[in-house]
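Here is a short report for someone meeting this structure for the first time. Please keep the sequence and the 3D view open while you read.

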Amino acid sequence: MSDGYLPYGRQSIDQDDIDAVTRALQSDYLTTGPEISAFEAEFAQTVASPNGVACNSATAALHMAYDGLGLRPGDAVIVPAVTFLATANAARFCGADVVFCDVDPETGLMTPDTLREALARAQDRVRLVAPVHLGGVMCAMEDIAGLARPLGLAIVEDSCHALASLDEAGQPAGACPNSDAATFSFHPVKTLACGEGGMVTTRDAALAERMRLTRSHGMVRDGARLERAAGAQEPWWYEMQALGWNYRMPDINAALGRSQLTKLSRFAQRRRDLSSRYDALLTPLSPHVQPPAGRPGIDACRHLYNVRIDFEALDVTRTELMRALSQQGVGTQVHYIPVSDQPYYKALYGEQRFEGADRYYARTLSLPLYPAMDDGDPERVVTALKAVLGL
Ligand SMILES: *Cc1c(COP(=O)(O)O)cnc(C)c1O
């Protein structure tokens, strides 16, 4: 059991990661070199996808994916009210509107029912649906696709929390059997760290090609793909064929990502083991404190250990609990304030209430969960929790 401060999440960096970054720094490339294509191929293979497109954040990944799937001004995207800001913001980057949908009050996930309600509200402006696998628990993708596909809607899975989670068919998040694309983040608190970094996986080779274009200014140099054939003879010639951005991942980050990827199965097993320990310790505290909700058939590799606490019944505020835990060396966080309640979105769309999102948000608290935690740490956290709550 460690006696230092336990943050709610943190990266695990070993000497082999440091060596990989050092090698990249000593190579001829600091950006867009051989590490990028190798990382894309290895990551895509890990999640059983034929294509991976690396970029410098999952925010960029979401933007490239939405744009590549044809999202344009006047369109709308359905986004669960409980998610990180970027799932919604990427729609705004495309000039599209966000139609928030409610979530299941226990899991915080978009469900076929909440999607159906949002579709009815948004009418025919919707062009894309963006389910979020909150905490690593995957949404009911087959049913969501069953609603969205017949309407011709594109589907992007925000899989930032779900690396190494398996769906009902045993397929990893990112394989996209029921979607057009999945996005991942390599921010340090996520399951795999690059510093900053993101990835889109997709079965659609044309979409992957389009994202490789927009990732770097929409610029083409490859002779065979130029519109002006004579350009192929001119060594300086390049064409901008689409409006793109600089969303390139540095080779340095990709080297770190590749090194981290070799340890993914160990990281994932650690997250599963620590989650099971927490589950066993918390189950007796029900109904005041409950382990995170799962979904039948989903083998979640939890990115967050987002417990449900009935603060009202316990007569403790979340602020009091977080402060008291922090004094005992236990860091916690809240994932997430409903995005629809952010001042920017309230100014755009007015005050909106979602019953499931409000109920989820009122009770959620993320306890420390990361691979470097010791076996005894969940007990240390739960003991502190019980002491503060008087349980
Ligand atoms: C972290 C996260 C993002 C954004 O990832 P960045 O790499 O920081 O841009 C998007 N969606 C979800 C659900 C996330 O957790």
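In which sense does helix 2 pass helix 8, left-handed or right-handed? The crossing is left-handed. The model behind this answer, and behind everything below, is predicted.

## Two domains

Start with the overall division. Domain 1 covers 15-263, and domain 2 covers 264-389. Their C-alpha centres are 26 Å apart. The two domains touch: 44 residues of domain 1 are in contact with 40 residues of domain 2.

## Two helix pairs

Now look at how some helices pack. Helix 2 spans residues 34-46, and helix 8 spans residues 251-261. Their axes come within 8 Å and cross at roughly 35°. On the helix 2 side, the contact is made by Pro34, Glu35, Ile36, Ala38, Phe39, Glu42, Phe43 and Thr46. Helix 8 answers with Asp251, Ala254, Ala255, Gly257, Arg258 and Leu261. By class, this contact holds eight nonpolar, two polar and four charged residues.

The next pair is helix 9, residues 264-282, and helix 14, residues 377-389. Their axes lie 9 Å apart, at an angle of about 30°. Here the crossing is right-handed. Helix 9 brings Leu274, Arg277, Tyr278, Leu281 and Leu282 to the contact. Helix 14 brings Pro378, Glu379, Val381, Val382 and Leu385. Eight of the residues in this contact are nonpolar, none is polar and two are charged.

The table sets out the two pairs.

| Helix pair | Angle | Axis separation |
|---|---|---|
| Helix 2 and helix 8 | roughly 35° | within 8 Å |
| Helix 9 and helix 14 | about 30° | 9 Å |

## The largest pocket

Turn to the pockets. The largest one has a volume of about 370 Å³. Its lining counts 25 residues. Which of them lie nearest the centre of the largest pocket? They are Phe84, Ser185, His187, Lys190 and Tyr336. Two elements give two or more residues to this lining: helix 3 (58-68) and helix 4 (85-93). Helix 3 gives the most, with three residues. The lining of the largest pocket divides into ten nonpolar, twelve polar and three charged residues. Both domains take part, since at least three lining residues come from each of domain 1 and domain 2.

A cis peptide bond joins His335 to Tyr336, with omega about 0°. Tyr336 sits in the loop between helix 11 (318-327) and helix 12 (343-349).

## The second largest pocket

The second largest pocket holds about 240 Å³ of space. Its lining is made of Thr32, Ile36, Arg212, Leu213, Arg215, Ser216, Met219, Val220, Arg221, Arg225 and Arg248. Helix 7 (205-214) and strand 8 (219-220) each give two or more residues to it. The classes here are four nonpolar, two polar and five charged.

Thr32 is in the loop between helix 1 (15-26) and helix 2. What is the phi of Thr32? Phi is near 45°, a positive value in a residue other than glycine.

## Another cis bond

A further cis peptide bond runs from Ser286 to Pro287, with omega near 10°. Pro287 lies in the loop between helix 9 and strand 10 (289-290). Helix 9 is also a partner in the right-handed crossing with helix 14.

Key: Residues numbered from 1 in each chain as written. Predicted model: local features only at pLDDT ≥ 70, side-chain atom pairs only at ≥ 80, totals over all residues. Heavy atoms only, no water. 1 Å grid on protein atoms, 1.4 Å probe; cavity = no way out; pocket = protein on both sides within 12 Å on 5 of 7 lines; lining within 4 Å. Points joined across faces, edges and corners; volume = space filled by probe spheres on them. Helix = DSSP H or I, 4+ residues; strand = E, 2+ residues; numbered from the N terminus. Nonpolar A, V, L, I, M, F, W, Y, C, P; charged D, E, K, R; others polar. Domains from an automatic or database assignment. Axes fitted to C-alpha atoms, helices over the stretch in contact; angles between N-to-C directions. Left-handed = near helix turned anticlockwise from the far one by under 90°. Contact = heavy atoms within 4.5 Å.
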